[in-house]
Amino acid sequence: MMPPRLAQRILDRFLAASLADAVIGDLDEIFAAEARHSPRRASYRYWRRTAALLWHLRRRGRASARQLTGDRLMTTMLRDFVRGSRLFVSQPAFAWAAVVTLALAIGANTLIFTIANVLVLKPLPFPSAEMLGWILVTMPGSSVGRAGVSLPEYAVFKAEAPTLSSLAAWRRQTVTLRERNESDRVLAQLVIGDLQGLWGLRALRGRVLTLADEQRGAPRVAVLSHRFWSTRLGSAEDAVGRDVVIDGTLHTVVGVLTPDIELGNLSEIDLWVPFSGDPALASRAERGWRPVGRLQDGTSHKDANAQVTAIADRLEREHPDINRDWIARVGTTREALGGANTWIVLSLLAVVVGLLLLLACANVMNLLIARLIGRRQELAVRTALGATRGQVVRQIVSESVMLGLAGGALGLAVAWAGLRGIHSVATEPFFRQLAFDFRVLLFAVGLSFVAPLTFSILPTLRVLRDDVRTTLSEGSARSVGGAAAARGRSGLVVLQVSLAVTLLIVAALVVQTMQAEVAADLGYDPSKLITAQIDVASWKVKDERAALQLRQRVIARVKELPGAEGAASTTVLPALQFLPQMPFDIDGRQTLDERERPNAGLSVVSTEYFAVVGVPLLAGRGFTEYDAASARPVAVVSAEAARRFWQSPTDAVGSTIRIADTSGPPIEATVIGVARNLANPVIVEPSVPTVYVLDEHRPTRGIHILVRAETPAALAGALRAAIGDADADLPAYQLRTLSEVVADENSSNQLLSGMFAAFAVIAMLLATAGLYGVMSYAVSQRSGEIAVRMALGAPARAIARQVVGHSIKLAAIGIALGMVCAYGLARMIGSLLYGVTATDPPTYVGAVALTIVGSLVASWLPMRRAAGIDPTESLRRS
Amino acid sequence: MTGTQALGEFEQLVLLAVLQCGGDAYGVPVWREIEARTAREVSLAAVYKTLIRLESKGWVASGVGAPTPERGGRSKRVYRVTGLGLRLLRASLDSIARMTEGLQGVLEPR
């Protein structure tokens, strides 16, 4: 039996150094003698003597404390700080458990805050952001994301939607830029109308674009982005006034923009040029133009929206071939800058990490309460010594704040690691833009203070309620923290389990949705393919025939590369890019109702396309050299097209279709085969009906070259060189393996799934730890009772069952509550779910099973301890 | 100068107890001596408080004594009565003795 170490430590701290050793030695000596009769009584007396000694000899301590004047507040704070940090030395296990718990939760919250920071809090780069109305075009039910309008439609909106004044539009276009004999593909923002004036952009050098630059016959000008100017031109002072060649046309640089607008996908833009009137971009099928206007004074987004949707409805009736299923509406600047599902996902993430923080606080609170129960006598002694309750509370709070700050510091490190992880896997420019700034730091520091205040409230109230005298005279630490405390802690555990179950179910539903999108079958194996894009520009090769020959020359060269098993070209990467939609007629039947007219995506390919990509033909045959050489166009249709527009694949073969090509004369082609469907990994709807025609029969300029090889990545350098050899002025860009393209396509989904899964795992771990804490405490408290039962003949199995039963009972209540919460939350995000329903039974069953396993694990050790209690030993001790 | 320096009753007891303990007068035996001989409950804290006061007046002096196992290896603070303390104690006991002269009949237990 050892003398109480805590009392020794207190004496050591509060008595003069010259005296402490002698006094403690005396107490120990008396204790040793008394413990022979009754250890409990000896321990109790030790504490009473300690209290008395401190009471009588404390003056010294007080006097020396008073000498620590100076700035009194600072001194007190410093002392609280020092006292708080001693926790890490005196009770490292407790302190670290609390700090790590908090760090995980604060880190998760900080990480999500960096996302919200960019989306919500950062001031918008446009001075007149509130007054802008953005026409947003989407196709509900598909994940195509946002599209735009065609130029003819833009003209209609401009003429007929007066609520949006000075309507302007822009589109993205990759162009070839030659500057001082270096040519490169860069991203240009083509501008119609006074876009830069509307957005309130400012020039760092020179000027911005104006309406005058758009006039016919005006000199061709370009404005550079700050990023492009600083990285590519080395911030050259003489940049303004330089001549650059864009797609073969001489342009003069007239300005450089300020860097503050480089936010979101605006940061990708290299240069801004007024639209030159290229007819290829002006057709009705080119819906790449994004309109934006200033709201007329006194009108709201709602007014503008009513006008725009009415016009869009009319356009859909007039041109169902092109406008079917597209919805246009007017959005705010924030909506326009974020993606379509961004807000739902962000709020969901915020809810998830909020719950996680709550869970962590509950855990730390549980630890604190357990510790306080152990410390009751120390606290009682201090109160007896004249410490006011305020001082005791202050100590608890200062310790909690220390834990919070340490948790916050470590949490920042966690968030930073998370951010690094995001940067390394994310391809969307939005994610690359996430960074720590002072707002993020402020948020983390704020949480570090708020969290400890939250979890120290309950323990503090308990201390305030405690009666010191009863605690002291109770004498034994065993009987304290009775039924009420146990109930409180059990309540916390129920809360934790329910939070964990909620998080687990919701996260599982979201992860399943995202994985379903990722796992959607492409219809071919991308792992053996590499791709590069080339554009045979019309400013360079005027003749379509010559352009075709140039493309064929490139493909022939690429095919000869060592390691290449085949090469083909396509206008659209298989299943990865959006197909331009074209209406067509079958066998001369004219459909009266435009809505009934067959409509399919058009993909222009070379003869070996199906073989190179590995798409099997289900009926008929594929393209041959003979087809290419023939003047009579032929077509291959996808299984989905055959199913929709013919009764069966065999019916499709042999019929003639007439494709109303929006960028040229109609193509009349004989269907020679039916190819298997492809599916886009993020477009989550039935496969798009597709028509394939040959390069030779449909003039085209930009193509993706696809090369099949055993190790496609190894071919990258040779592929670029081969394309360069074929024509020195033909830059290859977007050179990537198809696996990379697919991974990029999926990266946001994978990233978000990963985050949800990680948060759910953390939640489960925290809940399990909380349950473990409560169970082991319950066992230690009831060891006397258990010993009596065992002495009376209860088998160890019965004891174990009792412990586990208690744990399962708590878990069961938590699970029930959690399932209800999860169901509510899942219903709210129902529109986001794909491939899984809000009530998906396997998800719920899995989450419940996992929680039960967790609670069994949590009660395993305490159960072993309970079953291993030696009745005689335990009873003698108590 | 010592005229005003009278010993309190408990101070007398502590001084006497220190003398009783001989060379090994530290907290525990001093406290035991008083409890055993006076048959009253005395707190260790009171003993120490008095010893500290006596030491501050120069009536006892202390030194560090050898540790023992039952003390968990902690050293003792061993007290002895100084010459000044002894003189005062004598004076104090003398006055008691003079005051009790002729009262044996009243004070002696029958």
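Modeller: Two residues are in contact if their C-beta atoms, placed from the backbone, lie within 7 Å. In chain A, 83% of the contacts with a separation of 6 or more join residues 24 or more positions apart. This is a predicted model, in which local features need pLDDT of at least 70 and side-chain atom pairs count only at pLDDT 80 or more, while totals for chains, interfaces and linings use all residues. Residues are numbered from 1 along each chain as its sequence is written, and chains are lettered from A in the order in which they are written.

Colleague: What share of the residues of chain A counts as buried?

Modeller: A residue is buried if 20 or more other C-beta atoms lie within 10 Å of its own, exposed if 12 or fewer, and partly exposed in between. Of the 878 residues of chain A, 42% are buried.

Colleague: Which residues of α20(A) are buried, and why do they line one face of the helix?

Modeller: Helices (H or I, at least four residues) and strands (E, at least two) are DSSP runs, numbered from the N terminus. In α20(A), Arg551(A), Val554(A), Ile555(A) and Val558(A) are buried. Viewed down the axis, these buried residues fall within an arc of 95° (taken from the directions from the helix axis to the C-beta atoms), so they line one face. The face turned away from the buried side carries the exposed Arg545(A), Ala546(A) and Ala556(A).

Colleague: What covers the buried residues of α20(A)?

Modeller: The cover includes β12, β13, β21 and α25 of chain A.
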